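Hi everyone, thanks for making time this morning. I'd like to walk you through one structure and stop at a few places along the chain. Here it is.

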Amino acid sequence: MRLVGAVLVLLFVASACGGPAVVLKAPSPAPAGNAPPAGSPSSTPSFPPAASSGPGPSVAPVPSLTPCQRELECNTVANAIAAIDPAKMNDHLIALTSVGSRDPRHPGHAKAVAYIKEQLGALAYYGWTIESQRTVYQGIPLENIFASIEGATAASSGSAIPPPPPATTWVLVSAHYDSTANRTPGWRPAADPAPGADDNATGTAALLEFARVVSITSREQLRSRLVLAFFDGEELFFKGSAAYVASLAKPYKYKAAINLDMVGFNPLADRLDLLWYTSASAELRDRVLRANQTYGIGVSPLNAQFAADGNTIMDAAPFGIAGIPSIALCQRYGENDATFPGNYTFHTIADTPDKITNKRLWLKAAKLTLATALELARS
């Protein structure tokens, strides 16, 4: 009876981790290294697979995992998202807004670039590679900043277990760090403030925290390269991300692109809009919907919206249009409704840190983004 009971417990834990995950043939597990995952194992309620919404194919069946495999995967992701520190995200937000403006024509922009690079550079020890891409739009210089890591480069050199081979697929998580206040009458881009707290210091601060969390929890277990992209020129109609996609060689190595933009304001509900780009993104959309339930994150409502083209001005758009599975998470994209009253300070000089009225939503958006990215990067 004890043996049967143990088996039943294992089966329950497996079901508690939610819907199926995509499983590819992976190299041998990366070594544990000198930074073990934080936190303790936790289980979450089971649930049926999320229904597909809008046009596009439904999620195809995928191989199932044994109870031990699925329990390990769920606990690894759960421990990582539990390590996200909202106080550290808030510190980053304060630093990013304190430069005055992150418009690329303003002196504060260079200070923001220096801050982002300084924070990422402090984590290079863990295996991160920090790079920049410079481009120009109508005479305005732009700079995209990237931090990338994979199990092969993050594995501890002193481990008895060899690291996996270099990754052949990539997963991108992005946020734009530039800001604007072009809805303020008479605003001068090169001289006037544009604090951009909600839009988009919230997303940028979350990415900086992801770099820290991945460094101490899950870096050696990655089977795809994880790329954190800090895009410039989004407020000029996603010019930074578009330039980056245009520079990529085909066939694209990215199997998914996830964008986080404006996720700190809502006094009414912990809601997010989930924008998905073309039918190629339907499976990624469903994975995000499942992750919200699997890890008990609690975004509600989580509204899927189909984006057929670049008219939805987010940094996910160039990726989706190129055929790369791509989604964007935003507190609201469209008209106000009963769950969102409207943030009328965005794109004004009043988009200041005190307008981040729902830090609980901000944390949930960060958890949902990182959980989805880690599931993809570990499979």
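Let's begin with a pair of helices. In this predicted model, helix H3, residues 86-97, packs against helix H6, residues 197-217, at an angle of about 130°, and their axes are 8 Å apart. The two are therefore oblique to each other, and H3 passes H6 in a right-handed crossing. If you want to find the contact on your screen, H3 brings Lys 88, Met 89, His 92, Leu 93, Leu 96 and Thr 97, while the H6 residues include Ala 197, Ala 201, Leu 208, Glu 209 and Arg 212. By class, the contact of H3 with H6 has eight nonpolar, four polar and three charged residues.

Helix H10, residues 359-378, crosses H6 at roughly 50°, and the axes come within 10 Å. That makes H6 oblique to H10, and H6 passes H10 in a right-handed crossing. Here Thr 202, Ala 205, Ala 206, Phe 210, Val 213 and Val 214 of H6 meet Trp 362, Ala 366, Thr 369, Leu 370 and Leu 374 of H10. So what classes of residue make up the contact of H6 with H10? Nine are nonpolar, two are polar and none is charged.

Now for the backbone. Most peptide bonds are trans, and most residues other than glycine have a negative phi. With that in mind, look at Asp 199 and Asn 200: a cis peptide bond joins them, with omega about 5°. Another cis bond runs from Lys 250 to Pro 251, where omega is near -5°. Pro 251 is in the loop between helix H7 and strand E5.

Which values of phi do we find at Phe 237 and His 347? For Phe 237, phi is near 75°, a positive value, and this residue lies in the loop between strand E4 and H7. For His 347, phi is near 65°, also positive, and its place is in the loop between strand E8 and H10.

Searching the whole structure turns up two cavities of 30 Å³ or more.

Key. Residues are numbered from 1 along each chain as its sequence is written. This is a predicted model: local features need pLDDT of at least 70, side-chain atom pairs count only at pLDDT 80 or more; totals for chains, interfaces and linings use all residues. Side-chain values use heavy atoms; hydrogens and water are left out. Axes are lines fitted to C-alpha atoms, for helices over the stretch in contact, and angles run from 0 to 180 degrees between N-to-C directions. Helices (H or I, at least four residues) and strands (E, at least two) are DSSP runs, numbered from the N terminus. Angles under 35 degrees count as roughly parallel, over 145 as roughly antiparallel, 65 to 115 as roughly perpendicular and the rest as oblique. A crossing is left-handed if the near helix is turned anticlockwise from the far one by less than a right angle, and right-handed if clockwise. Contact means heavy atoms within 4.5 Å. Ala, Val, Leu, Ile, Met, Phe, Trp, Tyr, Cys and Pro count as nonpolar, Asp, Glu, Lys and Arg as charged, and the others, Gly among them, as polar. On a 1 Å grid over the protein atoms alone, a cavity is a set of points where a 1.4 Å probe fits but cannot get out, and a pocket is an open set with protein on both sides within 12 Å along at least five of seven lines; lining residues have an atom within 4 Å of a point. Grid points are joined across faces, edges and corners, and a volume is the space filled by probe spheres set on the points.
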